[in-house]
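Please walk through this structure with me. Keep the sequence and the 3D view side by side as you read.

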Amino acid sequence: QLDLSNNGVGAEGCQTLSAALGRLTALAQLDLSNNGVGAEGCQTLSAALGRLTALAQLDLSSNMLLLEGAQAVASSLVHLQLLASLNLGDNKMGFEGYTAIAQCLGQHPHLKDFWLEKFCLEEHSEAVTCVAW
């Protein structure tokens, strides 16, 4: 388990973290919530996250990932087949970003918990069924 929540990692720190994560292939829980990772940091972390094939819990909430960060996360999720819990709440990814994530999640049979708090679907109520799995 690695809990780096609320540490101000930021986009720059993601470069160092990405190198370290590459060596932690047995890591089961990773909490990077509230670190100001941003889209750039998430893009840096994307490849390293994809190598964490034992990861069961991932928390990237409150990091301002935006659409570009969501797309980077989506590309990593394909490799995380043991993922059981994913928290992406409060990231301002917008409907397109959450759609990119949701399209990957149908391939995750172990996923039990998925958080999207502070994401309003009112404007896209007709499309909600399209992204549900």
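The chain has a mean pLDDT of 88. Of its residues, 87% reach 70 or more. One stretch stands apart: over residues 122–133 the pLDDT is below 50. In the model, that stretch has 11 contacts beyond near neighbours in sequence. Where pLDDT is low, the predicted coordinates should not be read in detail.

The largest nonpolar core has 33 residues. Seven of them have the most contacts inside this core: Leu21, Leu30, Leu58, Leu77, Leu86, Leu88 and Ile101. In soluble globular proteins, nonpolar side chains tend to be buried together.

Leave aside its neighbours within four places in sequence, and Leu77 is in contact with Leu83, Leu86, Ile101, Cys104, Leu105 and His108. Two of these partners, Leu86 and Ile101, are also among the core residues with the most contacts.

Next, look at Gly97. This glycine is found in helix α4. Is Gly97 buried or exposed? Its relative accessible area is 0%, so Gly97 is buried. Beyond residues within four places in sequence, Gly97 is in contact with Leu67 and Ala70. Leu65 gives a distance to check in the viewer. Gly97 and Leu65 are 32 residues apart along the chain, yet their C-alpha atoms are separated by 9.2 Å.

Move to a strand. Ser85 has its place in β4 (residues 85–87). This serine has a relative accessible area of 10%, under the 20% cut-off, and therefore counts as buried. What does Ser85 touch, not counting residues up to four places away in sequence? The list is Ala56, Gln57, Leu58, Leu111, Asp113 and Trp115. Leu58 on that list is also one of the core residues with the most contacts.

Finish in a loop. Asn35 is found between β2 (29–31) and α2. Its relative accessibility is 3%, so Asn35 counts as buried too. The side chain of Asn35 reaches the backbone oxygen of Ser33 at 3.2 Å.

Notes
Residues are numbered from 1 along each chain as its sequence is written. This is a predicted model: local features need pLDDT of at least 70, side-chain atom pairs count only at pLDDT 80 or more; totals for chains, interfaces and linings use all residues. Side-chain values use heavy atoms; hydrogens and water are left out. A nonpolar core is a set of buried Ala, Val, Leu, Ile, Met, Phe, Trp, Tyr and Cys residues joined through side-chain atoms within 4.5 Å. Buried means under 20% relative accessible area, exposed over 50%, partly exposed in between (1.4 Å probe, protein chains only). Contact means heavy atoms within 4.5 Å. pLDDT is the predictor's confidence in each residue, from 0 to 100. Helices (H or I, at least four residues) and strands (E, at least two) are DSSP runs, numbered from the N terminus. A polar contact is a pair of N or O atoms within 3.5 Å; within protein, one must be able to donate a hydrogen and the other to accept it, and residues adjacent in sequence count only if both atoms are side-chain atoms.
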